[in-house]
Amino acid sequence: MTTPLDLAEKRTGTTARPAPRGRVRAPRTARRTSAWTPWLYLLPALVVIGGLLVYPVYQLGLISFLEYTQAQVSGGEPTSFKGFGNYTALFTDPQFWQVLLATVLFAAACVVTTLAVGCALAVLLTRVRALPRLVLMVAALGAWATPAVTGSTVWVFLFDPDFGPVNRLLGLGDFSWTYGRYSAFALVLLEVVWCSFPFVMVTVYAGIKAIPSEVLEAAALDGASQWRIWRSVMAPMLRPILVVVTIQSIIWDFKLFTQIYVMTNGGGIAGQNLVLNVYAYQKAFASSQYSLGSAIGVVMLLILLAVTLVYLRLLRRQGEEL
Amino acid sequence: MSAPSSFRIRRPGRLAAEAVTLLVAAVVAFPLYWMVLSALKPAGEIQSTDPRPWTLSPSLDSFRRVFEQQDFGRYFLNSLIVAGTVVLASALIAFLAATAVTRFRFRFRTTLLVMFLVAQMVPVEALTIPLFFLMRDFGQLNTLGSLILPHLAFSLPFAIWMLRGFVKAVPEALEEQAQIDGASRTRFLWQILFPLVFPGLVATSVFSFISTWNDFLFAKSFLISDTSQSTLPMALLVFFKPDENDWGGIMAGSTVMTIPVLVFFVLVQRRLVSGLGGAVKD
């Protein structure tokens, strides 16, 4: 791309050289800089991202086409090309489909609940005085700031069958939340919603504040209910913000790892609470099937890429300039 | 701040809304309250089948145990070094990159921006496998560098994307003025643009700080044999065993791990909210 020599030359050129004026796409302000300056600024970022993100992605794809287990890692056996062998093995494994389905449904449940709670509370915040608002904001910031690992341990403790306050409060005796598949997922869902609704709430609240108050007043004077105001006035006006928080939530919840890993102790009894990310990790590092783990990683990557493309299209449609 | 709100004058409605708000706040804050409370409870009260929401004899035993049995102070320092390095490095690198993509028009600019967006979607955990081999080949396994470098790479795309709005918000006229006044580009960059974008940098750094501070997958995978290089999440899980959890220790460890993030959040929360607004609106 750029050689050090190039850069050295450009560096000295930045101050001395007159602006290359002939360019068609020249910026509005004429700059006394060479065309290489932006690349110079971008260089550190590109090196780091290229070496530690783009290259690993390439490696991930490569490993997913190889035979790569403990024997190859220790150098006992040569790596051999397997073509789509790993993918065939994956797609014919009923557990994979089960985990994929669980991941999609669980992420969907998390996203919907998080958005509903976040938006409802954002609207609530606009209807109360400063003090209650501050109290909820502070509490939400606390939940937001809590690291995923500690959030997970605390929630497991809260719902502990022997010593937890929740079972006592609800009179559930020694009901174990992590034993059943759905109750374990429900417990993780509660923790995920707890730590991710603040982002939605704060962002949407800021968005509502930016709506001209006359609009909302007019709707209220016309006798619209709070729900109607949200659906017909706020939601359409907040669409750009809602798109961002929705996509962001989808991406976060689809990639969930820590909560499931910690709260269900690595994927639940007999892997009943596995999601794709944990599944890939277990395949690779617990059973040394690195190539199979990589294939799962590639599948996740492609799904998230699809989500991203939808996001980009939505942004484009809103006429946003990158 | 206070918008004219003549349309919300239904008093009973507002009181009910405020009651609900306070109730929700209590529920949201409860897990954190319970965490700190349990960390302060003496051993007998934690392993009690009749948990009470208060304690009359707070003790620091759990904290003492955590710091003595486990080398928690050291892990705390390790976590701080990793997160601190990532925050500083990513702020500087992202600032330069964000300036490049907002203040210049050049070929592949849009392509790059789309790439930064796409890069945010990459599931970090999926890259554990190739990164493990990469770190092994460079002899970085069991070092803090094996945590710093990947987290730097993963926090950059989002940081650049978010800082873009802040850099854009600085009027171009200011730059022209600086040029007319004879300031070099470097001088403009560091003495004018940097201070103006600083609030944005702070908001952005929250995210890189949190993702780095929280990480335990990389720590678990890359720091295999050298526990002296361990970070907090790893150390916390030592107390976390099925069936015989030392809840007092876990809660004390969790408290120690949560407090720095809380402090950081409180310090920057104002900027965080405005920063998010900027990133979202832009």
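How many residues of chain A are in contact with how many residues of chain B? In this predicted model, 84 residues of chain A are in contact with 89 residues of chain B, two residues being in contact if their C-beta atoms, placed from the backbone, lie within 7 Å. Residues are numbered from 1 along each chain as its sequence is written, chains are lettered from A and ligands numbered from 1 in the order in which they are written. The model being predicted, local features need pLDDT of at least 70 and side-chain atom pairs count only at pLDDT 80 or more, whereas totals for chains, interfaces and linings use all residues.

Helix α2 of chain A (residues 37-63) supplies the largest share of the side of chain A that touches chain B, namely 15 residues. Helices (H or I, at least four residues) and strands (E, at least two) are DSSP runs, numbered from the N terminus. By class, the side of chain A that touches chain B comprises 57 nonpolar, 19 polar and eight charged residues; Ala, Val, Leu, Ile, Met, Phe, Trp, Tyr, Cys and Pro count as nonpolar, Asp, Glu, Lys and Arg as charged, and the others, Gly among them, as polar.

Axes are lines fitted to C-alpha atoms, for helices over the stretch in contact, and angles run from 0 to 180 degrees between N-to-C directions. The crossing of α2(A) with α4(B) is left-handed, a crossing being left-handed if the near helix is turned anticlockwise from the far one by less than a right angle, and right-handed if clockwise. Pro38(A), Tyr41(A), Leu42(A), Pro44(A), Ala45(A) and Val48(A) of α2(A) meet Ile93(B), Ala94(B), Leu96(B), Ala97(B), Thr99(B) and Ala100(B) of α4(B). This contact has 11 nonpolar, one polar and no charged residues.

Within chain A, α2(A) also packs against helix α15 (residues 290-317), at about 120 degrees and with the axes 8 Å apart, which makes α2(A) oblique to α15(A). The crossing is left-handed. Leu60(A), Gly61(A) and Ile63(A) of α2(A) make the contact with Tyr290(A), Ser291(A), Ser294(A), Gly297(A) and Val298(A) of α15(A); these residues divide into four nonpolar, four polar and no charged.

A further pair in chain A is formed by helices α9 (residues 181-210) and α12 (residues 239-254), whose axes come within 10 Å and cross at roughly 165 degrees. That makes α9(A) roughly antiparallel to α12(A), and their crossing is right-handed. The contact involves residues including Phe199(A) of α9(A) and Trp252(A) of α12(A), and has seven nonpolar, four polar and one charged residues.

Chain B has 12 helices and zero strands. Its radius of gyration, taken over C-alpha atoms, is 23 Å, well over the 19 Å that the globule rule gives for 282 residues, so chain B is more spread out than a compact globule; the rule is 2.2 Å times the number of residues to the power 0.38. The C-alpha atoms of chain B fill a box of roughly 70 × 65 × 30 Å, taken along the principal axes.

Conventions:
Parallel < 35°, antiparallel > 145°, perpendicular 65-115°, else oblique.
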